[in-house]
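Please consult the sequence and the structure alongside each numbered point.

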Amino acid sequence: MTSSSDRSPAVDVLPTRTYEIRTYGCQMNVHDSERLSGLLEDAGYVRAPEGSDGEADVVVFNTCAVRENADNKLYGNLGHLAPKKASRPGMQIAVGGCLAQKDRDTIVKRAPWVDVVFGTHNIGKLPVLLERARVQEEAQVEIAESLEAFPSTLPTRRESAYAAWVSISVGCNNTCTFCIVPALRGKEKDRRPGDILAEIEALVAEGVSEITLLGQNVNAYGSDIGDREAFSKLLRACGKIEGLERVRFTSPHPRDFTDDVIAAMAETPNVMPQLHMPLQSGSDPVLKAMRRSYRQERFLGIIEKVRAAIPHAAISTDIIVGFPGETEEDFQQTLHVVREARFAQAFTFQYSKRPGTPAAEMDGQIPKKVVQERYERLVALQEEISWEENKKQVGRTLELMVAEGEGRKDDTTHRLSGRAPDNRLVHFTKPEQEVRPGDIVTVEVTYAAPHHLLAEGPVLDVRRTRAGDAWEKRTAEKAAKPAGVLLGLPKVGVPEPLPAVTGGCAVD
């Protein structure tokens with residue numbers, strides 16, 4: 001293993017060398033990949049065109065370790081690249097992320113054509129490791145055991161001019177039996193509030209109008225710095241940043257979701273009425289086996305308090321079906337919570353073994369057929385509830401932030417798409433007036449489907465924003481520069497539509 005003492009700044013490389021990053025897993029990996037892009041571009045690399053499919057000079061895999069077949073998928077992809085690398089002298093392959101942190105030297109043994117293996121704690125070393133591998137003509141494996149640099153201090157290439165991730169912590173202090181991420185990401189490490197706010201202010205100055213606070217267990221923020229109310233204080237501080245229109249966060253944990261956080265959400269106008277609260281199971285025995293430090297009554301109590309303080313809040317969740325030992329009665333308790341909580345959306349998963357987790361070794365593994373049947377019942381119930389909850393939106397007038405690339409059928413339907421304050425996706429009639437991503441439009445909802453809303457009438461109002469200006473400027477420069485926005489420090493990434501990718505509990 002190479003020493004980390006020889007860390008260096010950007011490495012000079014030929015400006016024509018291209019790179020491609022393939023990202024798997026949670027928001028943390030998405031966020032890290034934007035850091036990796038920034039590091040490579042700082043070092044002189046240029047992103048390969050879309051659809052290059054392994055034709056870049058450097059291909060980086062940012063891996064996830066939470067799926068049972070994650071390693072098979074990685075080695076299959078590496079095998080696909082082996083002949084390309086053999087026929088192209090100078091091509092390099094790097095593997096990072098959670099699977100790299102976990103498997104270390106195994107990757108090079110199974111795929112000796114890999115040039116670099118790096119972990120979750122030392123993503124900043126990628127350019128120098130690539131250069132070292134090129135000069136020494138041998139694989140470089142470097143896995144740091146603790147965080148070398150907080151990710152937000154690294155260069156970043158973000159894909160949006162109007163929305164951005166802001167990482168407030170890394171790591172997790174929980175020990176959920178189905179999750180291996182804490183073992184790979186380490187204990188929670190919090191960022192200083194002043195550094196977070198400075199980054200947000202810098203982003204707003206660049207035109208960003210929506211930020212998403214990101215952490216493995218985001219509302220545990222403060223445990224590392226000794227302030228139990230640090231997260232609610234951070235939300236309130238975000239409310240004082242002029243020009244910041246929307247604040248979101250993901251993913252919280254019920255254990256740490258305190259009344260001061262609910263009050264801060266309700267009383268801070270730019271904190272959006274949206275909450276992603278992972279349930280995982282409605283059964284107390286299963287929650288205990290999962291080592292989740294709350295029970296059904298506590299979870300439903302949180303939902304009740306949030307709804308009392310924020311009546312229009314849209315609440316989403318994660319649920320695992322078929323955890324080892326789950327009985328039909330346990331599953332019925334999950335259905336009970338789903339009926340009571342009336343989630344706007346639920347991300348449902350069939351339990352699969354995560355190598356290295358306690359749950360993988362538990363007795364009572366549920367047959368696939370049983371898990372599938374329960375999963376289908378849960379999905380059917382949640383679809384019904386999602387549709388009923390969306391129908392309540394019909395007739396409401398909503399302000400949407402116009403989104404880029406979220407309406408797959410927008411070109412054929414002559415519509416645009418945007419996100420409501422509660423993060424519901426709304427497709428609306430394209431107005432005659434120019435509307436840019438990041439601008440705000442006011443519409444009336446006319447139709448509801450389980451997963452989206454329609455506003456088929458004319459747009460009631462269009463508000464051009466600084467975020468839209470930033471998008472327009474970026475688009476105008478796109479022909480002359482690689483896509484994306486490369487900023488000076490501090491830097492940040494862009495969230496996927498929330499909460500389509502979940503992260504707090506590493507179930508993806």
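1. Helix H8 covers residues 230–238, and its buried residues are Ala-230, Phe-231, Ser-232, Leu-234, Leu-235 and Cys-238. Buried means under 20% relative accessible area, exposed means over 50%, and partly exposed lies in between, with a 1.4 Å probe and protein chains only. Helices (H or I, at least four residues) and strands (E, at least two) are DSSP runs numbered from the N terminus. The buried residues of H8 pack against helix H7 (193–205), strand S11 (210–214), strand S12 (246–250) and H9. Contact here means heavy atoms within 4.5 Å.

2. The model is a predicted one, in which local features need pLDDT of at least 70 and side-chain atom pairs count only at pLDDT 80 or more, while totals for chains, interfaces and linings use all residues. Residues are numbered from 1 along each chain as its sequence is written, and side-chain values use heavy atoms, with hydrogens and water left out.

3. As for the protein overall, it has 15 helices and 23 strands. Of its 508 residues, 59% are buried. Among contacts with a separation of 6 or more, 77% are between residues 24 or more positions apart.

4. Which residues touch the most other members of the largest nonpolar core? They are Ile-200, Leu-213, Leu-235 and Phe-257, in a core of 66 residues. A nonpolar core is a set of buried Ala, Val, Leu, Ile, Met, Phe, Trp, Tyr and Cys residues joined through side-chain atoms within 4.5 Å. A second, separate core has 24 residues, including Ala-56, Leu-78, Val-95 and Leu-184. In soluble globular proteins, nonpolar side chains tend to be buried together.

5. Leu-213 deserves a separate look. Apart from neighbours within four places in sequence, Leu-213 is in contact with several residues, among them Val-166, Ile-168, Ile-200 and Val-218. Its partners also include Phe-231, Leu-234 and Leu-235, which are among the buried residues of H8. Further contacts of Leu-213 include Val-247, Arg-248, Phe-249 and Thr-250.

6. Asn-219 lies in the loop between S11 and H8. Its relative accessibility is 4%, so Asn-219 counts as buried. Not counting residues up to four places away in sequence, Asn-219 touches Phe-231, Pro-252, His-253, Asp-256 and Phe-257. Asn-219 and Ile-168 are 51 residues apart in sequence, and their C-alpha atoms are 9.8 Å apart in space.

7. The backbone has a cis peptide bond from Thr-250 to Ser-251, with omega near -10°. Ser-251 is placed in the loop between S12 and H9.

8. Arg-342 has a positive phi of about 50° and is found in the loop between helix H12 (328–341) and strand S15 (345–350). Asn-423 has a phi near 80° and lies in the loop between strand S17 (415–419) and strand S18 (425–429). Are these residues buried or partly exposed? Arg-342 counts as partly exposed because its relative accessibility is 24%, whereas Asn-423, at 7%, counts as buried.

9. The axes of helix H9 (residues 259–267) and helix H11 (residues 296–309) come within 10 Å and cross at roughly 25°. H9 is therefore roughly parallel to H11; angles under 35 degrees count as roughly parallel, over 145 as roughly antiparallel, 65 to 115 as roughly perpendicular and the rest as oblique. Axes are lines fitted to C-alpha atoms, for helices over the stretch in contact, and angles run from 0 to 180 degrees between N-to-C directions. Asp-259, Ile-262 and Ala-266 of H9 meet Lys-305, Val-306 and Ala-309 of H11. This contact has 4 nonpolar, no polar and 2 charged residues. In this scheme Ala, Val, Leu, Ile, Met, Phe, Trp, Tyr, Cys and Pro count as nonpolar, Asp, Glu, Lys and Arg as charged, and the others, Gly among them, as polar.

10. Helix H1 (residues 27–42) and helix H5 (residues 126–136) pack at an angle of about 55°, with axes 9 Å apart. H1 is therefore oblique to H5. Leu-36, Leu-39 and Leu-40 of H1 make the contact with Leu-126, Pro-127 and Leu-130 of H5. By class, the residues of this contact are 6 nonpolar, no polar and no charged.
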